[in-house]
Amino acid sequence: MIRELRNSGADWPQKKLTVGLSPASVPKSGSGFDLAVACAVLGAAERIDPASIADVVMIGELGLDGRVRPVRGVLPAVLAAAEAGYQQVVVPEQTAGEAALVPGVSVLGVRSLRQLIAVLCDEPVPDEPADDRGRPDAMLAGLMIPGTGLGAGLAPASPRGEGHIRDLADVAGQLRPRKALEVAAAGGHHLLLSGPPGAGKTMLAERLPAVLPPLTRQESLEVTAVHSVAGILPPGEPLVSRAPYCAPHHSATMQSLVGGGNGIPRPGAVSLAHRGVLFLDEAPEFSGKALDALRQPLESGHVVVARAAGVVRLPARFLMVLAANPCPCGRHTLTGAGCECPPSVVRRYQARLSGPLLDRVDLRVEVEPVDRADLLEQGGRGEPTAVVAARVREARARAAERLTGTPWTTNSEVPGHELRTRLCAAPGASVAAERDLEHGILTARGLDRVLRVAWTVADLRGAARPEACDIAVALELRTGIQRGAPMEAGAR
């Protein structure tokens with residue numbers, strides 16, 4: 001740190017220095033303490049007034065040239081500082097927009113230690129060149145975020161770009177899977193798409209995030225905090241406002257899915273997909289250990305990762321979509337296509353998705369190959385994303401109003417006890433589901449999930465509570481057994 005201070009125009013004190021980071025029982029790692037330690041040294045040397053930094057939180061890495069470089073996890077660090085009662089923070093200028101998302105905190109963004117010394121000593125602020133290795137579109141015009149009351153003004157960051165939105169109208173045919181996708185988005189239900197290669201499983205899953213409602217302010221802060229810790233926030237876009245989409249490769253390890261790693265655990269795919277979609281393509285190809293590790297976060301909405309360096313609790317309230325082929329060659333259900341897989345191989349392949357995992361999946365839909373009429377005729381195109389998303393928002397609003405005063409926001413989160421006591425279906429509506437429970441087709445958890453899906457189906461059609469027709473649709477979406485009128489007849 002001697003060189004960093006000298007390159008910033010300050011002298012290193014010619015005395016022995018001891019830097020203590022408390023509490024000693026908590027392991028520290030990373031370069032985010034550099035800026036605070038440097039200012040503490042300057043305060044001890046009386047280069048700056050110690051009182052000017054007494055109640056200021058400083059986060060940032062120092063380069064050898066004295067520049068302040070961005071670090072991960074600025075947003076959660078500033079949130080913790082605000083909860084601890086601090087009102088002023090100093091961060092690298094590239095992350096100033098991220099830190100300014102926390103209300104009630106004055107944010108000072110600096111390019112170099114030299115600039116910070118000038119601000120603290122009330123000296124002319126030198127004009128430092130921007131660091132090309134930072135986030136160029138988040139660079140400061142002055143030194144401060146507007147409205148924080150410190151330093152010069154800063155033009156607000158550009159809004160988060162939406163980019164190209166994949167439209168559901170691009171999907172030809174597939175009425176049943178499209179209906180299942182809509183129900184999944186409206187109620188936050190997990191979904192399994194099973195079918196041969198090329199039927200459109202991945203195409204459907206990629207269009208699910210655009211159907212989900214925009215994140216609320218609180219949800220945006222939660223998602224942004226996770227992405228900040230992971231270091232994947234896009235340049236110039238400090239706030240994540242749309243549902244994230246995470247699609248790890250099937251070679252992903254258990255640690256990469258649920259979080260972990262050496263030292264302090266890092267967020268995994270389940271946390272990066274928080275409030276969004278986790279898509280597992282070729283799901284049977286994932287290791288059984290990795291898939292079974294998803295069972296706990298699917299139920300609780302969070303994951304607890306324990307390591308020798310500490311225990312970390314990470315949010316993981318995501319919507320999971322599994323895509324699976326019927327067999328290794330993918331032609332098991334194609335009539336006359338000549339599947340080459342022996343029956344024992346097909347059974348082993350399908351058994352890679354364990355029963356306990358599938359029991360937590362509310363919707364299971366067969367995606368059949370698209371026929372010639374749907375593929376070539378434009379009239380066979382389905383509704384666009386905007387129309388489906390509007391219905392999803394209306395259904396979620398009905399659910400949110402019904403669940404006001406409870407800790408739940410979507411139907412998929414409501415526990416079974418509430419579904420059987422306070423939030424009951426119409427009298428006699430669940431007879432078919434109860435019969436399936438007696439015959440062993442449904443487990444007790446499966447019955448609760450059928451009731452949750454039935455509430456979502458009722459919300460989509462604007463009903464006050466689920467009727468027998470809603471239960472029938474929910475059963476068909478879970479078991480594949482058709483009860484009464486075909487589900488496609490209700491698809492819009």
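## An aromatic pair

In this predicted model, in which local features need a pLDDT of at least 70, side-chain atom pairs count only at pLDDT 80 or more, and totals for chains, interfaces and linings use all residues, the count of aromatic pairs comes to 1. Rings of Phe, Tyr and Trp (its six-membered ring) are taken as a pair if their centres lie within 6.5 Å, and the planes count as stacked when under 30 degrees apart, as edge-to-face when over 60, and as tilted for the rest. The ring centres of Y245 and F279 are 6.4 Å apart and the planes stand at 25°, so this pair is stacked. Residues are numbered from 1 along each chain as its sequence is written, and side-chain values use heavy atoms, with hydrogens and water left out.

The pair links distant parts of the chain, since Y245 belongs to strand 7 (residues 245–246) and F279 to strand 8 (residues 277–280), 34 residues apart. Helices (H or I, at least four residues) and strands (E, at least two) are DSSP runs, numbered from the N terminus. Y245 is partly exposed, with a relative accessible area of 33%, whereas F279 counts as buried at 2%; buried means under 20% relative accessible area, exposed over 50%, and partly exposed in between, with a 1.4 Å probe and protein chains only.

## The chain as a whole

The chain has 21 helices and 12 strands, and of its 492 residues 49% count as buried. Among the contacts in the chain with a separation of 6 or more, 69% are between residues 24 or more positions apart, where contact means heavy atoms within 4.5 Å.

## Helix 2 and its surroundings

Helix 2 (residues 34–44) is mostly covered, with 8 of its 11 residues buried, namely D34, L35, V37, A38, C39, V41, L42 and G43. These buried residues pack against helix 1 (2–6), strand 1 (56–58), strand 2 (61–62), strand 3 (68–69), strand 4 (88–92) and helix 5 (113–120). Helix 2 is followed by E46, whose phi is positive, near 65°.

In helix 5, the buried residues are L113, Q115, L116, I117 and A118, and just after this helix D122 takes a positive phi of about 60°. In the loop between helix 1 and helix 2 lies P23, and the peptide bond from S22 to P23 is cis, with omega near -5°.

The largest pocket holds about 1800 Å³ of space. Of the 47 residues that line this pocket, S29, F33, R72, G73 and A77 are the closest to its centre, and the elements that give two or more residues to the lining are helix 2, strand 1, helix 3 (74–83), helix 9 (217–230) and strand 10 (310–315). By class, the lining of the largest pocket has 30 nonpolar, 11 polar and 6 charged residues, where Ala, Val, Leu, Ile, Met, Phe, Trp, Tyr, Cys and Pro count as nonpolar, Asp, Glu, Lys and Arg as charged, and the others, Gly among them, as polar. On a 1 Å grid over the protein atoms alone, a pocket is an open set of points where a 1.4 Å probe fits, with protein on both sides within 12 Å along at least five of seven lines, and lining residues have an atom within 4 Å of a point. Grid points are joined across faces, edges and corners, and a volume is the space filled by probe spheres set on the points.

The second largest pocket holds about 700 Å³ of space, and of the 32 residues that line it, R275, R396, T409, T410 and E413 are the closest to its centre. Helix 9, helix 13 (295–300), helix 17 (385–402) and helix 20 (444–460) each give two or more residues to this lining, and helix 17 gives the most, with 4 residues. By class, the lining of the second largest pocket has 12 nonpolar, 9 polar and 11 charged residues.

## Cysteines

The count of disulfides, each a pair of cysteine sulfur atoms within 2.5 Å, comes to 0. C339 is in no disulfide, and the nearest cysteine sulfur, that of C329, is 3.6 Å away. C339 is partly exposed, with a relative accessible area of 28%.

## Residues in loops

V370 lies in the loop between strand 12 (363–366) and helix 16 (372–376) and counts as partly exposed at 29% relative accessibility. Not counting residues up to four places away in sequence, V370 touches A172, Q174, A199 and L375; the C-alpha atoms of V370 and A199, 171 residues apart along the chain, are separated by 6.2 Å.

Q174 is found in the loop between helix 5 and helix 6 (175–187), counts as buried at 11% relative accessibility, and has a phi near 55°, a positive value in a residue other than glycine.
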